[in-house]
Amino acid sequence: MERVNLPKKTLFIWQIRVVMLTAVLVWLCLRYGGVIPFLKTFAVLIGAVGVLATAVYLPLFFKGYEILFKNEAIIINYGVLIKFSHIMPYTRLIYAQSFSTPLASLFGVTALSLKAARSRVIIPEMQNKDAKHIIDSLTGEVDYEENL
């Protein structure tokens with residue numbers, strides 16, 4: 001059984017995204033806080049949730065995220081409070097697609113989308129070479145375990 005871990009770059013990218021989203025929402029709430037009074041209180045709440053998500057939740061989420069390759073299936077385990085496990089046999093897979101945002105491209109990582117009948121799994125950003133190995137192993141071109 002092979003295990004693939006997500007790089008620290010992935011956590012950093014998601015922390016940047018959360019901080020940017022939090023900053024925009026807080027700015028909007030403060031900007032229009034004079035017109036709608038409760039928005040200033042809402043800005044403080046959004047800021048607190050953003051700080052907790054960046055400092056606590058995201059590191060725990062990515063620490064517990066694991067991708068396992070076992071017996072012709074991909075097993076993806078993730079979650080902090082509620083644990084999820086997706087088991088996707090290679091034979092059920094319809095397509096595997098890699099995609100990258102401009103921020104992810106800047107850090108040299110790409111995300112994967114795996115689609116099977118009635119299910120879809122998005123794997124957060126990983127190293128480009130790991131994503132290529134996974135896609136190659138799914139298409140049968142290369143054995144993933146031999147290339148690690």
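Which ring does the charged end of arginine 17 sit over?

1. The charged end of arginine 17 lies over the ring of tryptophan 14, 4.7 Å from its centre. A charge counts as over a ring if NZ of Lys or CZ of Arg is within 6 Å of the ring centre and within 35 degrees of the ring normal.

2. This is a predicted model; local features need pLDDT of at least 70, side-chain atom pairs count only at pLDDT 80 or more, and totals for chains, interfaces and linings use all residues. Residues are numbered from 1 along each chain as its sequence is written, and side-chain values use heavy atoms, leaving out hydrogens and water.

3. Three strands form an open, antiparallel sheet in the order β5-β6-β7. Its edge strands are β5 (93-99) and β7 (119-127). Strands pair if DSSP finds at least two bridges between them. Helices (H or I, at least four residues) and strands (E, at least two) are DSSP runs, numbered from the N terminus.

4. Strand β6 (residues 109-116) joins β7 over seven antiparallel bridges. Leucine 112 stands opposite isoleucine 123 in β7.

5. Rings of Phe, Tyr and Trp (its six-membered ring) pair if their centres lie within 6.5 Å; planes under 30 degrees apart are stacked, over 60 edge-to-face, the rest tilted. The count is seven aromatic pairs. Phenylalanine 12 and phenylalanine 107 have ring centres 5.7 Å apart and planes at 75 degrees, so they are edge-to-face. Phenylalanine 12 belongs to helix α1 and phenylalanine 107 to helix α3 (residues 102-107), 95 residues apart.

6. Elsewhere, ring pairs join Tyr57, Phe61, Phe62, Tyr65, Tyr78 and Phe84 into a cluster.
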